[in-house]
Amino acid sequence: MGLKRVIKSRELTVSLVMIGLVIFFSLSSKRFFTANNIRNILLQVSSIGVASIGMTMIIITGGIDVSAGSILGIVAVVLGKAAVGGFPAWLAIILGILVGLALGSVNASFVALLGIPPIIVTLGMMSLLRSLTYTFLGGRWIASLPESIRWMGLGKILNIPIPIWLTIILIAYFSYFMKYKSLGRYVYAVGNNIEATRIAGVNTKRVLFFVYALAGLLYGVAGAIVVGRTGIVQTNTGNNFELQVIAATVLGGTSILGGKGTVFGSLLGSLLIALLSNGLILLNVPALTEGLIIGILILGSVAIDVIKNRGEE
Amino acid sequence: MKKFLNLMATNRSFFLFIFLIAMFLVFSFVIPEFSTIYNILNMTKYGVEIGLLAFAETLIIISGGGGIDLSIGSILSLSAMVIGVLAGRLGMNIVLASILGLIAGGLCGAVNGFFVSFLRMPPLIVTLSTMYVYDSLALLIAVDKWGNPMPVSNFPYGYFFIGQQTYFNIPFQVIAIFIPLALILHFLLSKTTFGRYLFATGNSEVVARFSNVPVKKIKFSVYVIGGFLAGLAALIMTSRIASARPDLGAGLNLQAITIAVLGGTNIMGGEGSILGTLMAIVVITALYNGLQLAGISSIWQVGTLGIILIGSAIANIILSRKYSSVE
Amino acid sequence: MEPILKAKKIVKNFGGVKALREVDFDLFAGEVHALVGENGAGKSTLIKILTGVLEPDSGEIEYFGKKLVLKSPREAHEAGIVAVYQEPLVYKHLSVVENIFLGNEIKKKNGNVDWQRERSITRELLKSLDIDPYFIDEPMGSLSTGLQQLTLIAKALNYNAKVIIFDEPTAILTEHEAQRLFSIIERLKEKGVGIIYISHRLEELPQIADRITIMRDGQVMGNFDMNQVTREKIIELMAGHTLIEELKRTPPEYTDVVLEVRNLSKKGMYQDIDFKLYRGEILGFSGLVGAGRSEVMQTIFGLIKPDSGEIIINGKKVNVKDPSIAMKLGIAYIPEDRGSQGLFKALTINFNVTIPIIEQLTKFLGIVDNSREKEIATRYLKWLQIKAPSIYTLVNNLSGGNQQKVLIAKWLATSPKILILDEPTRGVDVAVKSQIHNEILRLADSGISIIVVSSELPEIIKLSDRVIVMHEGRITGRFDKKESITPTNLLNAATGARMVYSRD
């Protein structure tokens with residue numbers, strides 16, 4: 001019964017491609033299938049994976065958010081400045097995440113309450129925040145971060161790094177949320193048919209607001225992870241991050257037209273991208289081809305989807 | 001007064017014109033060197049490259065159906081590297097190299113157009129993917145014999161007239177390329193069958209199909225024109241800064257989209273004009289220049305762009321609620 | 001026994017058009033009450049009022065003995081009045097279970113959606129309708145239309161619906177699916193649900209309906225027990241004593257065949273379409289909405305690719321791949337839906353009128369010759385007496401009638417030899433209507449061959465020299481003599497009686 005759906009699902013396709021890649025890379029390079037390398041890949045995935053939760057929900061409602069990277073940038077700056085300025089690490093981290101939430105709520109207000117197209121709101125937001133980041137940093141780096149603040153990136157519980165824990169917990173919770181909370185169901189409903197959802201008595205503005213605000217919060221968490229892992233805040237922290245997150249989300253099966261997709265699929269999409277870039281480096285394929293391969297991968301997978309769906313209609 | 005506000009709400013070019021005058025007065029008052037002829041003429045050259053990209057986005061967004069080109073900056077990078085590598089490293093005749101650079105831009109646009117128009121894929125996804133692809137290709141061809149992507153700077157001297165020459169203080173690229181092209185595009189959109197078909201397609205693809213409009217050809221061609229314009233911008237930029245780098249176009253795509261939207265191009269398609277986008281380019285260029293002369297960091301250029309974009313969207317909503325008389 | 005639902009003296013006007021004139025309607029628990037009438041008779045307006053989509057101008061609704069005022073579809077839903085439409089409104093990527101409970105979730109104490117209970121209730125609801133609930137976890141969009149309808153019936157039952165309204169439910173169902181629906185309707189009756197059943201398939205009514213109400217021109221023409229009324233009587237009431245204007249028209253000579261269609265078929269749209277169109281004649285295409293007439297016409301115009309069959313123009317077989325070829329062959333098609341197919345509403349009259357012929361109006365380099373364009377737009381503005389300040393007025397700012405005239409002008413400007421008009425007077429007032437009719441007759445007199453697709457009988461009868469009737473994708477009637485073109489004959493063919501022919 002559900003088997004047919006599982007076989008046709010994007011999650012399975014992506015998983016199979018990943019297994020194939022893992023086998024191929026393992027056979028081609030001795031350095032690939034080592035605990036150290038696997039951990040590296042997972043660490044690389046974590047920030048994109050966490051942010052993709054918010055992006056997935058936004059795209060499911062039929063929207064888009066190109067301000068993800070610039071919000072992450074601001075969060076990194078706030079966090080870094082607060083830490084250097086003597087705030088305790090936990091407070092700096094919370095402050096950073098709250099800034100993410102606040103900026104997400106600004107997006108949310110414009111999109112949900114004023115009805116301005118998401119692409120315009122988040123474009124404008126992105127430009128503005130980029131300038132703010134530069135201004136705050138004044139062209140310098142923040143590199144002398146106290147060790148305590150790097151806990152979000154380097155800390156370990158049961159010998160497993162904190163970012164991996166965070167990714168697992170957040171992905172698990174929001175997979176559960178999307179399935180078991182009525183609000184999660186409404187996120188899909190809005191993307192399927194916003195007018196019908198409104199008539200069914202759902203406050204669609206609230207749903208949209210929630211989605212953009214939550215996304216901001218998650219970019220905040222991702223920002224804390226990035227700062228912790230790299231130990232540095234630069235003016236270009238978070239540059240192009242939004243595009244990687246959108247790519248992972250779409251690759252994971254979320255339809256850019258809205259209405260369908262899963263948080264777990266987006267995690268797989270992030271994993272696939274991280275796996276590819278890691279494996280290609282180990283194979284000594286020039287890092288420059290990474291974009292080429294990722295681009296063709298997205299294009300190909302969506303093209304297959306489009307053609308397949310046309311056949312069904 | 002009511003009529004004035006109404007015009008502000010319904011006519012974007014007029015709105016930008018008033019905005020420009022106000023800005024001009026403020027800047028002239030605060031910064032003495034702003035309103036000198038030299039400064040005004042000199043600043044125009046900074047609007048040319050981003051302006052060409054904004055024109056490209058204008059055509060593409062008007063075509064509707066979610067039309068957008070995220071790869072436009074990457075096409076610029078790739079075209080620039082094609083010209084640079086062919087002329088600087090392989091020693092090809094610069095004219096031929098430039099032509100091939102333009103063709104490369106057009107081809108990149110054609111790839112976008114093919115997926116959007118003939119495979120009916122969402123433009124956002126197509127151009128997001130090709131953005132990666134073109135960026136990567138630009139890096140790959142920039143690789144020197146030691147395996148590192150490097151800029152190319154050894155252009156023949158004769159190449160620099162495109163981006164560095166002035167006539168009566170007016171930059172060559174403004175008078176010989178940008179203005180004629182703006183006129184041609186304005187003409188194309190407002191006077192020709194192509195323009196009619198473009199607006200028809202952007203307003204409603206179904207009605208257009210029922211009205212004997214070649215919808216697929218039109219959608220395909222706007223991406224090709226877009227790619228070609230990006231190639232032209234690459235030519236001018238490499239000549240102006242005397243260097244081709246694989247990251248020349250980074251970040252320009254979103255700026256170009258912002259300017260097109262600011263110029264009154266409706267993100268949903270079917271609405272927009274070259275005049276509006278041109279006004280937006282002038283406003284933005286003057287703003288950048290004024291901010292720079294006022295000693296405000298160039299970093300705030302993009303930031304103000306963002307504020308203006310969101311601000312104009314809000315103003316639009318408020319004004320059209322209050323004063324729009326069109327029922 | 002008292003009726004559960006009673007509509008009393010309902011009046012509804014749209015602008016000057018009287019859609020409902022003091023309509024009375026009632027429904028008992030456990031009965032199927034059929035509602036029939038031609039297109040535009042007022043059935044859908046009545047349904048919209050009963051389901052809270054529209055509010056009546058006057059009159060009231062009594063529900064279980066109490067006055068009921070509905071402000072929104074949601075209020076009707078909560079009261080237990082639910083409509084199931086022909087094309088179901090669904091969330092296509094969500095599962096059947098989620099569709100049924102959307103906005104009405106069952107929650108556990110901890111606030112979670114109780115999937116288990118939702119699933120088991122869905123299963124029970126479907127089982128109570130005798131449907132095997134194997135598909136409840138599938139996305140709604142992957143189900144057939146028939147199953148989607150059944151799911152929505154289950155949803156209605158979950159709202160504890162007392163009144164379920166079916167709007168032409170069988171029109172797009174297979175025979176097997178229709179039979180299953182009937183047995184489900186039987187079950188609903190047993191549960192005491194009152195059912196309003198709208199259908200054009202008169203032949204299926206004796207099987208399921210208990211009573212029937214016939215409407216025409218916004219009025220109730222009769223109300224009967226189903227077993228006390230004959231098909232002939234129903235059709236007579238639907239058709240009424242329609243006043244048909246007599247026209248002075250000399251019939252064409254039927255010598256030159258300009259268009260011939262042979263065995264045209266397209267799966268799911270139409271089957272074995274055969275007909276000839278002569279020079280200077282007006283050929284009417286009658287039938288009900290959804291009979292496949294528009295699709296046949298769009299095929300001739302190159303918008304739909306047929307599976308098989310031939311189109312012959314002036315004796316030559318042609319392959320009409322797209323509208324540009326159709327236009328070169330002298331065909332013009334005026335679509336039925338002004339808003340979504342016919343006109344660019346946000347653009348000017350001028351733009352709309354000249355867009356199909358814009359390439360012929362160029363000087364060089366594709367530059368539009370504005371003076372010729374203006375001349376053409378102005379000429380048609382005058383010719384069709386379009387009331388607008390100028391040719392640069394936006395179509396949006398015109399009345400429906402004037403918009404329709406712009407649409408006609410747009411295609412007359414192509415100087416067609418074969419003019420196909422799909423519902424040429426939908427939503428226009430009486431004066432504009434007769435003006436458009438006169439124009440059609442004048443065009444035919446000038447030698448243009450015309451096909452009129454219309455769901456309004458008086459229009460077909462008034463204009464046509466010959467009539468073809470379609471029903472569910474097939475031709476079910478051909479009437480070649482003016483005397484045989486009567487409301488009763490056409491309705492008989494349109495409602496699916498066997499083939500009706502009248503030939504010399």
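Trainee: Which strands does helix 6 of chain C lie across?
Mentor: This is a predicted model. In it, helix 6 of chain C, residues 175–190, lies across strand 3 (32–37), strand 7 and strand 8 of chain C. The helix runs at about 150° to strand 8 of chain C.

Trainee: And what does helix 8 of chain C touch?
Mentor: Helix 8 of chain C, residues 231–239, packs on the sheet and touches strand 3, strand 9 (211–216) and strand 10 of chain C. Its direction makes about 25° with that of strand 9 of chain C.

Trainee: What is the strand order in that sheet?
Mentor: The order is 6-7-8-3-9-10 in chain C, six strands in an open sheet with mixed pairing. Strand 6 (81–84) and strand 10 (219–225) of chain C are the edge strands, each pairing on one side only. On average, neighbouring strands are turned by 20° against each other, direction ignored.

Trainee: How many bridges join strand 7 to strand 8 of chain C?
Mentor: Five, between residues 163–167 and residues 194–198, and the two strands run parallel. One pair of bridge partners is C:Ile165 and C:Ile196.

Trainee: New topic. How many residues of chain B are in contact with chain A?
Mentor: 37 residues of chain B, against 39 residues of chain A.

Trainee: Which helix of chain B gives the largest share of that side?
Mentor: Helix 6 of chain B, with 13 residues. Helix 12 (252–262) and helix 14 (300–322) of chain B each supply at least two.

Trainee: How do the residues on that side of chain B divide?
Mentor: Into 28 nonpolar, seven polar and two charged.

Key: Residues numbered from 1 in each chain as written. Chains lettered and ligands numbered in written order. Predicted model: local features only at pLDDT ≥ 70, side-chain atom pairs only at ≥ 80, totals over all residues. Contact = placed C-beta atoms within 7 Å. Helix = DSSP H or I, 4+ residues; strand = E, 2+ residues; numbered from the N terminus. Nonpolar A, V, L, I, M, F, W, Y, C, P; charged D, E, K, R; others polar. Pairing = 2+ DSSP bridges. Axes fitted to C-alpha atoms, helices over the stretch in contact; angles between N-to-C directions.
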